[in-house]
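Please open the model in a viewer and keep the selection panel at hand.

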Amino acid sequence: GMGKVLDALDANLTALITRQPVFFVATAPAGDGGHVNVSPKGGQGMFTVVDPLTVAYLDLTGSGVETIAHLRDNGRITVMFCTFEGKPLIVRLYGRGEAVLPDAPGFAALRARFPADTPGVRSVIRVAVDRVATSCGYGVPLMSYEADRTTLRDWAERRGADGIAAYQGEKNATSIDGLPGLAFASEPHERAI
């Protein structure tokens, strides 16, 4: 079918995107320099629709901090879902995002929307959606979902809270283009549970 633009997420699209096992996040620094970033995200319960114009996902500690740095720089973000099983469909959510850090007001309420036992949480990325667009997913292969990987969880559990804070200080201070990443990157940080 032809693509269409909607004013907001309806019940059907909300159900469809929240059951996808993987989604993709794209951001870029301001201006005409720097690198455009695309990151795959996944895991059961890691994405939530807060309301028809607000979505959020649980941001776990990883080696890069591009999304956070770009959102701090200019806020632009696109989240893309595509179906790999059933009816072919691509859904893009365009908007303005922010990284809600563990010490920020509102973090606890957002964090409560995700699995409580997830280790290595860095922030919640919240997106104010200003454009919802769908297109056919005819070019996306038909694939079967096996399982979520446990590698990142295992790594975070081995590191522990102090190890993760140290890792963030070392790896998440700046983006690959030198933009500021985590503001608290050089300090030990109290982790919200």
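**The largest pocket**

Bear in mind throughout that this is a predicted model. Begin by selecting Pro21, Lys41, Gly42, Gly43 and Asp148, the lining residues that lie nearest the centre of the largest pocket. The lining comprises 45 residues, and the pocket holds about 1,200 Å³ of space. By class, 17 of the lining residues are nonpolar, 17 are polar and 11 are charged.

Next, colour the elements that supply at least two lining residues each: strands E2 (22–27), E3 (37–42) and E5 (54–60), together with helices H2 (66–73) and H4 (151–171). Which element gives the most to the lining of the largest pocket? It is E3, with 5 residues.

Select Phe23, which is found in strand E2. Its relative accessibility is 3%, under the 20% limit, and therefore Phe23 counts as buried. Display its surroundings: beyond its close sequence neighbours (four places or fewer), Phe23 is in contact with Ser39, Pro40, Lys41, Phe47, Tyr57, Val79, Met80 and Phe81. Pro40 is 17 residues away from Phe23 along the chain, yet their C-alpha atoms are separated by 5.8 Å.

Now move to Val38 in strand E3. Is Val38 buried or exposed? With 55% relative accessibility, Val38 counts as exposed. Leaving out residues up to four places away in sequence, Val38 touches Phe24, Val25 and Ala26.

**Helix H2**

Select helix H2, which is mostly covered, with 6 of its 8 residues buried. These buried residues are Glu66, Thr67, Ile68, Ala69, His70 and Leu71. They pack against E2, E3, E5, E6, E7 and E8.

Within H2, centre the view on His70. Its relative accessibility is 0%, so His70 counts as buried. Apart from residues up to four places away in sequence, His70 touches Thr27, Ala28, Pro29, His35, Asn37, Gly75, Asp177 and Leu179. One of these contacts, Gly75, follows H2 and has a positive phi, near 80°.

**Helix H1**

Proceed to helix H1 (residues 11–18) and highlight its buried residues, Leu13, Leu16 and Ile17. An α-helix has 3.6 residues a turn, so residues three or four places apart point the same way.

Which strands do the buried residues of H1 pack against? They pack against E1 (4–6), E4 (47–51), E6 (76–82), E7 (89–100) and E8 (121–136). At the N-terminal end of H1, select Asp10, which caps the helix: a side-chain oxygen of Asp10 lies 3.2 Å from the backbone nitrogen of Asn12.

**Helix H4**

For the last stop, select Gln168, found in helix H4. Gln168 is buried, with a relative accessible area of 1%. Show its side chain together with that of Thr61: the two side chains make a polar contact at 2.8 Å.

Conventions: Residues numbered from 1 in each chain as written. Predicted model: local features only at pLDDT ≥ 70, side-chain atom pairs only at ≥ 80, totals over all residues. Heavy atoms only, no water. 1 Å grid on protein atoms, 1.4 Å probe; cavity = no way out; pocket = protein on both sides within 12 Å on 5 of 7 lines; lining within 4 Å. Points joined across faces, edges and corners; volume = space filled by probe spheres on them. Helix = DSSP H or I, 4+ residues; strand = E, 2+ residues; numbered from the N terminus. Nonpolar A, V, L, I, M, F, W, Y, C, P; charged D, E, K, R; others polar. Buried < 20%, exposed > 50% of the residue type's maximum accessible area, 1.4 Å probe, protein only. Contact = heavy atoms within 4.5 Å. Polar contact = N/O pair within 3.5 Å; in protein donor to acceptor, adjacent residues only side chain to side chain.
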